[in-house]
Amino acid sequence: MDLEAYFSQLSPEEQMLQFGRKNPDPLALAFDRKRVVHAGMKGKMIPPPLAQGVWQKTLQGAPQGRPTQMAYFHIPFCKTKCLYCGFFQNGTSQEAEDRYVDLLIRELEQDAAQPRLQAAPIQAVFIGGGTPTSLAPENARKLLSAIHRCLPLSNDCELTLEGRIHDLVPEKMEVWFAEGVNRMSLGVQSFDTKVRQQVGRIDDQDAVLEKLRALSAWNQCAVVIDLMYGLPDQTLEVWKKDVELLVQSGVDGADLYQLDVFDKSDLALSIQKGRLSPAATTRQQTALFAWGKGYLDAQGWKRLSFCHWARNNRERSLYNTLARSGAQLFPFGCGAGGHVDGVSTMLHRALPMYERMVSAGQKPLMFLQQESPYARIADRIQAQLNQCRLDLEDLARMDSRLSGLQWLGDLWEEYGLWKHNGYLYHLTEAGQFWEVNMTQTVLECVELLLEGAEKGKVAEARVAEQG
Ligand code: SF4
């Protein structure tokens, strides 16, 4: 079925969900709400009894060509739970942390002993969570030195440690930089004391700015912060101050990302019970996005993706860029995900199961699946849209059936979501705001063109997104 025929059989509500609408103000009204991008295209689940053997065989194999590869380490502990968070796993406990770091190193040593991991340099390592900066200095030292000892890191490897401003204390920073951390990614969310503290961040504005200054004074790494827009009481005036302080803080890069209020989250409950003001609506968020984007552009910051800016060349955002382009990703830790040579996995998120399996010498696989044969096409689409563009001719060269996407190219040019420059489509400001929706829809259209997915897909997507 071609896309036009598919579109015409959808109800108006389904057309709106997947394709948006034509409107004089596409930034505010092209879609009703943000969608969720489901990672890539569906693969085939490997039966659990076979999964360990398939993983081991993968690690004993040889790579095809010269792969770009990375490693991800997950630290599943946080000192406190932020109200808006959908990823919290465990509170901090010194005893649990000590045990976990030893097991994480054991998991790393087990995989690193296999030939596949040593077959090509690792270009980026990301230690994420949770709150990796919450690790005690001795545990951070043990983990970082094991990463250097076990992995074939390239000379220009980007080594990112993610965490909280609150942990920027001299005894920790000394260890991180002695052990090779060259990029820090920190959640600030808002500099405004009331706005940040009422959603669970710990420090006030002065402490945040002072700690960022202290971190920059080490001059050992790129410093990158996250700012969120749409938090309760974060008016346009507060947001303007947030972005101005971001520029004044001297950090090397920043993400500006939209608050999602997850149903049944602590934040949603606090708002329902009147303890917090409502979060911004999607329409209000568009104004915040447009102002932040305009201000950073005017200040000469470089756009590295639809939501990430760099002030200078020290910030490369290598891991994030490669992660969206299908680079091989070796996962380690409770709740980590990754994919290597055509199989993808998610590791167990529950600590007891993780501990049991690693102690028994197994990879703590929650599931393992054979990637879709079209996974590389999905990677290409995500990588390009992440950079605010899409080259339909490039996709048609990968598979001629994808020339059917031209219908979507024309539709969204009419809707004001992207514009063709004679070579490829560039997202407009509206398209940049709605990038997540567009990515998910393009992936669904590709699946339809290549695999003949049926109308049921839309209903499935709607249930998943509203659930
Ligand atoms: S520190 Fe990060 S992972 Fe932990 S609760 Fe806050 S937002 Fe969630």
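Where in the structure is the place of Asp-341? Asp-341 sits in the loop between strand 13 (337–340) and strand 14 (343–347), where helices (H or I, at least four residues) and strands (E, at least two) are DSSP runs, numbered from the N terminus. This is a predicted model, in which local features need pLDDT of at least 70 and side-chain atom pairs count only at pLDDT 80 or more, while totals for chains, interfaces and linings use all residues. Residues are numbered from 1 along each chain as its sequence is written, and side-chain values use heavy atoms, with hydrogens and water left out.

The backbone of Asp-341 has a phi near 45°, a positive value in a residue other than glycine. Asp-341 is partly exposed, with a relative accessible area of 33%, on a scale in which buried means under 20% relative accessible area, exposed over 50%, and partly exposed in between (1.4 Å probe, protein chains only). As background, most residues other than glycine have a negative phi, and most peptide bonds are trans. Ser-317 likewise has a positive phi, near 50°, in a residue other than glycine; Ser-317 is found in the loop between strand 11 (308–310) and helix 14 (318–323) and is buried, with a relative accessible area of 3%. As for the peptide bonds, a cis bond with omega of about 20° joins Gly-129 and Gly-130, and Gly-130 is found in the loop between strand 5 (122–129) and helix 7.

Leaving aside its neighbours within four places in sequence, His-308 is in contact (heavy atoms within 4.5 Å) with Arg-183, Val-224, Ala-254, Asp-255, Lys-302, Arg-303, Glu-315 and Ser-317. The C-alpha atoms of His-308 and Gly-253 are separated by 7.4 Å, although these residues are 55 residues apart along the chain.

The next topic is helix packing. Two packed helices are described by the angle between their axes and the distance between the axes. Helix 5 (residues 94–112) and helix 7 (residues 137–150) pack at an angle of about 0°, with their axes 10 Å apart, the axes being lines fitted to C-alpha atoms, for helices over the stretch in contact, and the angles running from 0 to 180 degrees between N-to-C directions. That makes helix 5 roughly parallel to helix 7, given that angles under 35 degrees count as roughly parallel, over 145 as roughly antiparallel, 65 to 115 as roughly perpendicular and the rest as oblique. The residues of this contact divide into 9 nonpolar, 2 polar and 6 charged, where Ala, Val, Leu, Ile, Met, Phe, Trp, Tyr, Cys and Pro count as nonpolar, Asp, Glu, Lys and Arg as charged, and the others, Gly among them, as polar. Among the residues that meet are Val-101, Leu-104 and Leu-108 in helix 5, and Leu-143, Ala-146 and Ile-147 in helix 7.

Helix 5 also holds Tyr-100, which counts as buried at 0% relative accessibility. With neighbours within four places in sequence left aside, Tyr-100 is in contact with His-74, Ile-75, Pro-76, Phe-77, Gly-333, Cys-334, Leu-351 and Tyr-354. Helix 7, for its part, is included in what covers the buried residues of helix 8, together with strand 6 (153–164), strand 7 (183–189) and helix 10 (205–218). In helix 8 (residues 170–178), Lys-172, Met-173, Val-175, Trp-176 and Phe-177 are buried, and the helix is followed by Gly-180, whose phi is positive, near 95°.

Asn-437, found in helix 20 (residues 435–451), is buried, with a relative accessible area of 0%, and is in contact with Phe-31, Arg-33, Lys-34 and Arg-35, leaving aside its neighbours within four places in sequence. Lys-44, found in strand 1 (residues 44–45), is exposed, with a relative accessible area of 64%, and touches Gln-369 and Gln-370, not counting residues up to four places away in sequence.
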